[in-house]
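Welcome to this tour! Keep your viewer open, and select each stop as we reach it.

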Amino acid sequence: MQISLEKILPSKVVAVMNKCLNFEKLYEIRLRTNKPIMVNYGGKYFFLSPLGIKEYADDETLVIGDGVINDIVVKASDYSLYAVSEQICAGFLTIRGGIRLGLSGEIVWDRGVVKTIKNFSSLNIRVPHEIKGCAKRLLNICVTPQIKNTLIISPPGAGKTTLLRDLARLSASSNPPNNILLIDERNELAAVANGIAQLDVGLSTDIISNCSKEYAFESAIRALRPDIIICDELFGEKDLISIEEATLSGVKVFASVHANDYHDIMMKKGFENIVKKRLFSRFVVLSNKHGPGTYDGVYDENFNKINLF
Amino acid sequence: MITTFLIITISMSLGAVVGLYFSKRLQRRAAYFDALMDLINLFLSEMKFKKTTTKQVLTEFRDRAKTPLNTNLTEYIDCTDFSNLKLSKGGLTISERAEVNKFLLSLGTSDSHTQIFELENFKEKFSQMQNIAQEKRKKYAPMCIKLGFLAGLAIGIIII
């Protein structure tokens with residue numbers, strides 16, 4: 001993972017990061033043209049300076065110059081921007097190790113469709129963390145004795161992807177093992193490179209990466225016959241329809257959604273319906289209260305709190 | 001008599017070698033542009049259909065056949081800092097080399113629509129260079145050895 005970052009970031013930034021930062025605590029690097037570099041280190045934002053991290057920006061803080069962000073994006077695409085056009089149009093780029101670059105710049109439209117993004121102005125580089133065992137406490141609630149459709153609710157950066165990944169690993173390696181289908185839309189969960197998952201997602205996990213949930217649900221349920229489908233970041237009605245169809249066909253689903261708590265998801269378009277239909281039997285709410293991955297509560301289909309052991 | 005014969009033989013041989021060098025150079029230039037055109041065509045098809053990365057296309061092309069372009073491709077593939085990419089001459093003029101440099105540096109730096117447009121432009125430019133190089137090869141390459149041979153003979157006679 002460190003090597004992937006070293007390959008794309010300017011040498012000045014790499015030197016400071018290697019000298020002063022522990023990569024285990026690094027969650028995000030935020031780069032903005034002509035602005036100081038910010039890092040999310042241990043759950044808190046700091047500015048990067050040649051001597052390490054600082055709480056406030058000053059004259060010493062490292063600043064991203066003109067054109068640097070463009071260079072980083074080209075490097076991240078392995079000098080092949082044309083090969084990652086679809087990802088760029090969707091606003092992100094994933095590199096080896098599951099590191100995701102969120103892109104912003106000028107959107108180029110063509111007949112109502114995003115053709116590309118040009119003049120990249122800022123990047124949010126998200127560094128994934130593999131915390132083995134972080135989903136262990138959920139096993140007895142969501143996987144055994146009976147697999148329950150589970151929705152992980154969390155604000156961004158609170159660890160839902162890490163939790164889903166570990167849930168995939170544990171469910172796939174349970175006794176008897178479950179056949180897991182991992183729909184990795186942004187290639188963050190398994191970080192597949194050349195067909196090989198670089199993050200541990202279990203012994204009996206099939207991975208479909210870089211495709212929409214709609215396509216994956218439609219094609220894979222019949223072809224791969226999974227026991228559990230795992231997917232990240234539900235968004236929009238299409239995703240919800242896919243989830244509904246999958247659960248009604250008898251396949252169990254573990255999914256995640258961006259929200260602060262279960263009250264919030266009721267306000268999201270389409271989710272109210274899903275909750276009313278009781279498609280999900282478990283709701284796991286995460287927060288950043290005591291750092292990423294803090295369990296705020298686990299609830300059943302009636303929103304009664306379940307005790308975590 | 002033997003000395004005269006030796007001088008003429010040596011000067012004729014040297015002249016022929018010089019002629020051969022120029023003939024090979026013309027052939028090499030033409031082969032270079034032929035390879036460049038093949039590379040652009042391969043690149044266009046690979047990027048349109050398979051979305052193969054730049055380095056993969058270049059490596060595959062380089063490993064497929066021995067062409068005069070291979071040295072420059074290796075220089076590009078092995079380069080870690082493209083702001084300092086320096087290509088060896090390979091029998092090209094300064095402006096031709098600059099154009100090849102520009103072409104290699106443009107690879108993979110834009111979205112597919114722009115990249116295709118850029119490649120078509122380079123294809124047109126290199127096609128003109130290819131035509132000129134092929135014409136010169138046809139015209140002068142066979143002549144170079146003969147001229148070298150004759151020039152050697154003339155020099156030999158002058159020396160005597």
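**First stop: a hairpin**

Select strand β5 (residues 92-95) and strand β6 (residues 99-110) of chain A: they pair in the antiparallel sense over 4 bridges. Two strands pair if DSSP finds at least two bridges between them. Helices (H or I, at least four residues) and strands (E, at least two) are DSSP runs, numbered from the N terminus. Click on A:Leu93 and look across to its bridge partner in β6(A), A:Leu101. Now go to the turn: the hairpin has 3 residues between the strands, and A:Gly97 takes a positive phi near 85 degrees.

Before moving on, a word about what you are looking at. This is a predicted model, in which local features need pLDDT of at least 70 and side-chain atom pairs count only at pLDDT 80 or more, while totals for chains, interfaces and linings use all residues. Residues are numbered from 1 along each chain as its sequence is written, and chains are lettered from A and ligands numbered from 1 in the order in which they are written.

**Zoom out: the whole of chain A**

Show chain A as a cartoon, and you can look for 10 helices and 17 strands. Its C-alpha trace spans about 55 × 45 × 35 Å along the principal axes. Of its 309 residues, 41% count as buried. A residue is buried if 20 or more other C-beta atoms lie within 10 Å of its own, exposed if 12 or fewer, and partly exposed in between, with C-beta atoms placed from the backbone.

Next, select residues 213-224 of chain A, which form helix α7. Which residues are buried here? They are A:Lys213, A:Ala216, A:Phe217 and A:Ala220. Turn the view to look down the axis of α7(A): the buried residues fall within an arc of 100 degrees, so they line one face of the helix. The arc is that of the directions from the helix axis to the C-beta atoms. An α-helix has 3.6 residues a turn, so residues three or four places apart point the same way.

On the face turned away from the buried side of α7(A), find the exposed residues A:Ser219, A:Arg222 and A:Ala223.

Most residues other than glycine have a negative phi, and most peptide bonds are trans.

- Just after α7(A), A:Arg225 takes a positive phi of about 40 degrees.
- A:Asn210, in the loop between β12 and α7 of chain A, has a positive phi of about 60 degrees. A:Asn210 is partly exposed, with 14 other C-beta atoms within 10 Å.
- A:Arg111, in the loop between β6 and β7 (113-126) of chain A, has a positive phi of about 50 degrees. Is A:Arg111 buried or exposed? A:Arg111 is exposed, with 5 other C-beta atoms within 10 Å.
- From A:Thr144 to A:Pro145 the peptide bond is cis, with omega near -5 degrees.
- From A:Asn175 to A:Pro176 the peptide bond is cis, with omega near 0 degrees.

**Last stop: where chain A meets chain B**

Finally, show both chains: 12 residues of chain A are in contact with 13 residues of chain B. Two residues are in contact if their C-beta atoms, placed from the backbone, lie within 7 Å. On the chain A side, select α4 (85-89) and β7, the elements that give two or more residues.
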